[in-house]
Amino acid sequence: MTKKILLVLLIISSVLLSFSILGTGKMSAYAEFDKSGNFVCNPFGRSVETNIYMNVVHQINNKMSFYLENHPNATVLQQHDVIMQDQKTWDLYNKSRTCLADVIGENPDDVVSFTPDVQQAIAIPEFGVFSSMVVMVAILGSIVVYRKFF
């Protein structure tokens, strides 16, 4: 009787021990974020990657709508500056979008898209106040080149 109990305990402990050490090896696994918190594309996790992309887009959309609720008279340039402040979010957005499009083969625009307010705010060129000056220099440069060669 004691031998049977000892044998059963040995079997149970060996089974439990094998399950407890199963995940401790150096076997690489796919994850969405590594130990440093960096995004890692999971080519086998279509639904997870889609959810990450949707979450980032909703986060950006919500940030813009919250800003517009509190600043209804904000200019498009101010909206652009606010929406572009968080570079980590944009880095995650770009990596997730690339993962969906290039690795998984899904069109990110079919999954979710930005609100019109966000689309307008991110379309502002980086020149800001100097945009008219850039256009003027381009026109003058075209005139100088035209007169010199024609």
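Modeller: Of the contacts in the protein with a separation of 6 or more, 61% come from residues 24 or more positions apart, a contact being heavy atoms within 4.5 Å. Keep in mind that this is a predicted model, where local features need pLDDT of at least 70, side-chain atom pairs count only at pLDDT 80 or more, and totals for chains, interfaces and linings use all residues. Residues are numbered from 1 along each chain as its sequence is written, and side-chain values use heavy atoms, with hydrogens and water left out.

Colleague: What share of the 150 residues counts as buried, and what does "buried" mean here?

Modeller: The share is 23% of the 150 residues. Buried means under 20% relative accessible area, exposed means over 50%, and partly exposed is in between (1.4 Å probe, protein chains only). As for the whole surface, the protein exposes about 11400 Å², with carbon and sulfur atoms supplying 64% of it; the areas come from the Shrake-Rupley method with a 1.4 Å probe, and for residues only the protein chains shown count as cover.

Colleague: Now the cysteines. How do you know that C41 and C99 are joined by a disulfide?

Modeller: Their sulfurs sit 1.9 Å apart, and the rule asks for a pair of cysteine sulfur atoms within 2.5 Å, so the pair qualifies. The structure holds one disulfide. The link spans distant parts of the chain: C41 is in the loop between α1 (2-20) and α2 (46-70), while C99 is in helix α4 (residues 87-104), 58 residues apart.

Colleague: What is the handedness of the disulfide of C41 and C99, and why?

Modeller: It's right-handed, because the torsion about the S-S bond is about 65°.

Colleague: Are C41 and C99 buried or exposed?

Modeller: C99 has a relative accessible area of 2%, so it is buried. C41 comes to 22%, so it lands in the partly exposed range.

Colleague: How do you know that the buried residues of helix α3 share a side?

Modeller: In α3 (residues 76-83) the buried ones are Q79, H80, V82 and I83. They cover an arc of only 165° around the axis, so they lie on the same side of α3; the arc is that of the directions from the helix axis to the C-beta atoms. These residues pack against α2, α4 and α6 (116-122).

Colleague: What makes something a nonpolar core, and which residues have the most contacts inside the largest one?

Modeller: A core is a set of buried Ala, Val, Leu, Ile, Met, Phe, Trp, Tyr and Cys residues joined through side-chain atoms within 4.5 Å. The largest has 22 residues, with Y53, I60, Y93 and F114 making the most contacts inside it. Elements giving two or more residues to this core are α2, α3, α4 and α6, and α2 gives the most, with eight. In soluble globular proteins, nonpolar side chains tend to be buried together.

Colleague: Why is the W90 and Y93 pair called edge-to-face?

Modeller: Rings of Phe, Tyr and Trp (its six-membered ring) pair if their centres lie within 6.5 Å, with planes under 30 degrees apart counted as stacked, over 60 as edge-to-face and the rest as tilted. W90 and Y93 are 5.5 Å centre to centre with 80° between the planes, so edge-to-face it is. Both lie in helix α4, three residues apart, about one turn of the helix.

Colleague: What do you call the pair of W90 and F114, and why?

Modeller: Tilted, because the centres are 5.7 Å apart and the planes are at 55°. W90 is in helix α4 and F114 in the loop between α5 (108-111) and α6, 24 residues apart. W90 and F114 are both buried.

Colleague: Which residues do the ring pairs link into a cluster?

Modeller: Y53, W90, Y93 and F114.

Note on methods. Helix = DSSP H or I, 4+ residues; strand = E, 2+ residues; numbered from the N terminus.
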